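Today I'm going through one protein from its overall layout down to a single side chain.

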Amino acid sequence: KATYLKQVILTIEDWDSISPRCIRQEFAIPLRNKNTRPRSRLHSLASNFFATASEMAVCKVLGVPFPTDRVNTFKAKPDIDPNIEVRYGMDPHSPLIVRRDDRDDRLGILVVADPPIFLVIGWYPMKLARRADWWVSQPSNVLPGRFEVPQSALYSIETVIWDEHMGLKAI
């Protein structure tokens with residue numbers, strides 16, 4: 001399905017604008033989720049930078065403003081208003097990750113990156129992603145299981161339109 005992807009190259013100005021948000025987010029991580037595997041501060045900060053940069057890449061593709069008020073909201077607000085969750089993958093073949101506690105009214109967009117180049121791969125409704133055949137248990141009880149939507153199941157970003165009240169809609 002996702003046969004056409006969008007490439008975004010972030011500028012120095014883009015990276016500068018996301019830096020304060022990433023640093024604030026980093027200090028919230030230990031307080032937010034005690035079940036994550038221990039990571040170094042540097043690894044965690046890098047992960048936050050790439051995830052936030054992925055959100056910026058999606059905003060650029062959709063032509064919407066990058067939200068600056070999304071620090072420490074922990075699913076209370078979507079990554080991009082009004083209903084978009086952006087998931088970042090480090091591997092070019094990464095699936096779209098959907099967790100049990102993701103909200104049904106959200107749409108997930110997968111971005112893979114080799115910074116500064118970000119590829120917006122495609123999207124899928126979170127509500128429909130909870131399929132038994134996409135469930136993946138984690139090898140330990142430290143991390144919860146998740147649903148992994150393969151890239152071949154994602155809808156192309158070209159198949160949606162932006163509506164300021166409804167977010168992404170299929171066309």
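Predicted model: local features only at pLDDT ≥ 70, side-chain atom pairs only at ≥ 80, totals over all residues.

Here are my entries, in the order I looked things up.

**Entry 1: the overall layout.** I looked up the helices and strands and found two helices and nine strands. Reading from the N terminus, I get the order β-α-α-β-β-β-β-β-β-β-β. So much for the parts list.

Entry 2: I checked how much of the protein is tucked away: of its 171 residues, 43% count as buried. The accessible surface comes to about 9,500 Å², and carbon and sulfur atoms hold 56% of that surface. Then I looked at contacts with a separation of 6 or more, and 60% of them are between residues 24 or more positions apart.

**Entry 3: the cores.** Which residues have the most contacts inside the largest nonpolar core? I found Val58, Ile109 and Phe118, in a core of 25 residues. Next I looked up where this core gets its residues. Helix 1 (12-32), helix 2 (41-62), strand 2 (84-89), strand 4 (107-114) and strand 5 (117-125) each supply at least two. Helix 2 gives the most, with seven residues. There is also a second, separate core of 13 residues. Val98, Val112, Phe147 and Val149 are among its members.

Entry 4: I picked out three strands that form an open sheet, in the order 3-7-6, with antiparallel pairing. Strand 3 (96-98) and strand 6 (135-136) stand at the edges, and each has a single partner strand, so one side of each is left without a neighbour in the sheet. A reminder from class: strands of a sheet pair through backbone hydrogen bonds, either parallel or antiparallel. I zoomed in on strand 6 and strand 7 (residues 146-149), which pair in the antiparallel sense over two bridges. The bridge partner of Trp135 in strand 7 is Phe147, and Phe147 also turned up in the second core.

**Entry 5: one aspartate.** Last stop, Asp14, which I found in helix 1. Is Asp14 buried or exposed? Its relative accessibility is 10%, and the cut-off for buried is under 20%, so Asp14 counts as buried. I then looked up what Asp14 touches, leaving out residues up to four places away in sequence, and got Ile9, Met56 and Lys60. With Lys60 there is a polar contact too: the side chains of Asp14 and Lys60 are joined at 3.2 Å.

Notes. Residues numbered from 1 in each chain as written. Heavy atoms only, no water. Pairing = 2+ DSSP bridges. Helix = DSSP H or I, 4+ residues; strand = E, 2+ residues; numbered from the N terminus. Core = buried A, V, L, I, M, F, W, Y, C linked by side-chain atoms within 4.5 Å. Buried < 20%, exposed > 50% of the residue type's maximum accessible area, 1.4 Å probe, protein only. Contact = heavy atoms within 4.5 Å. Areas by Shrake-Rupley, 256 points an atom, 1.4 Å probe, with all protein chains shown as cover. Polar contact = N/O pair within 3.5 Å; in protein donor to acceptor, adjacent residues only side chain to side chain.
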